[in-house]
Amino acid sequence: MSNWDDVAERVVFNLEISVPDFQSAVPLKSKILDFGCGYGRVTNQLYGLGFRDLIGVDASESMICRGLNAFPTLDLRHLSDLPLPFPDQSFDAVITCAVFTCVPDQTERVKILDELHRVLKPNGVLYLAEFCSDDGHKFTSGMGVSMWHSQPKVIEGMLTSFEVELLKAVQSPTMSGHFSEAIHILARKN
Ligand SMILES: C[S@@+](CC[C@H](N)C(=O)[O-])C[C@H]1O[C@@H](n2cnc3c(N)ncnc32)[C@H](O)[C@@H]1O
């Protein structure tokens with residue numbers, strides 16, 4: 001994760017989640033994992049919406065340090081590798097925002113999804129907000145981080161052990177200020 005560590009102090013993430021969609025599927029008392037939480041931007045947004053049982057994990061220690069400085073009340077944890085340090089069926093919901101976007105390897109993505117599936121309770125909600133593109137391109141961002149804006153069908157195709165309940169395509173600014181397609185998916189563990 002050294003690339004993310006290098007930019008952790010100055011990067012500003014901006015992909016938005018769809019709050020009404022998330023709130024309609026995830027009750028306030030839910031135990032939620034924000035996987036790839038970065039500096040806790042979305043975790044803190046969820047806290048502000050009234051969710052209290054939140055854990056954010058990220059592979060970049062510097063991101064977590066920044067998050068703990070900015071939001072000392074949040075439970076943000078550095079995670080050096082999988083498996084996740086949580087028992088099976090621990091969470092009512094898992095959220096990822098622009099995380100699979102930064103995992104340019106399909107095998108690695110599937111490994112992560114298997115873990116997210118394991119820690120979700122039966123019928124638990126998986127909410128993904130990810131950048132994508134119709135032609136699916138891999139590139140290195142201006143910050144030197146590998147990215148994969150994969151085709152929406154590739155992202156949806158990874159969710160074989162989930163039931164997709166909602167899929168929305170939107171346009172969103174990227175970190176570099178360009179606009180890109182993004183996808184919001186709300187799925188439930190089968
Ligand atoms: C674009 S940032 C998004 C951060 C946050 N979700 C947000 O939207 O503000 C992607 C984050 O995913 C983390 N990440 C990438 N691969 C990861 C992995 N395999 N395990 C945990 N975190 C990972 C990176 O360290 C980085 O902080």
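Entry 1, the ligand. I kept in mind that this is a predicted model. I began with the backbone: a polar backbone atom of Gly36 is 2.7 Å from a nitrogen atom of the ligand. Next I checked side chains, and an N or O atom in that of Arg41 lies 2.7 Å from an oxygen atom of the ligand. Asp58 also places a polar side-chain atom 2.6 Å from an oxygen atom of the ligand. How much of the ligand's accessible area does the protein cover? I found 95% of the 590 Å² that the ligand has on its own.

Which residues of helix 3 (residues 41–48) are buried? I noted Arg41, Val42, Thr43 and Leu46. These buried residues pack against helix 2 (19–25) and against four strands: strand 1 (31–35), strand 2 (53–58), strand 3 (76–78) and strand 4 (91–97). Just after helix 3, I came across Gly50 with a positive phi of about 110 degrees.

I found Glu115 in helix 5 (residues 106–119). Is Glu115 buried or exposed? Its relative accessible area is 11%, under the 20% cut-off, so I wrote down buried. Setting aside neighbours within four places in sequence, I saw that Glu115 is in contact with Leu82, Pro83 and Leu84.

Notes: Residues are numbered from 1 along each chain as its sequence is written. This is a predicted model: local features need pLDDT of at least 70, side-chain atom pairs count only at pLDDT 80 or more; totals for chains, interfaces and linings use all residues. Side-chain values use heavy atoms; hydrogens and water are left out. Helices (H or I, at least four residues) and strands (E, at least two) are DSSP runs, numbered from the N terminus. Buried means under 20% relative accessible area, exposed over 50%, partly exposed in between (1.4 Å probe, protein chains only). Contact means heavy atoms within 4.5 Å. A polar contact is a pair of N or O atoms within 3.5 Å; within protein, one must be able to donate a hydrogen and the other to accept it, and residues adjacent in sequence count only if both atoms are side-chain atoms. Accessible areas come from the Shrake-Rupley method with a 1.4 Å probe; for residues, only the protein chains shown count as cover.
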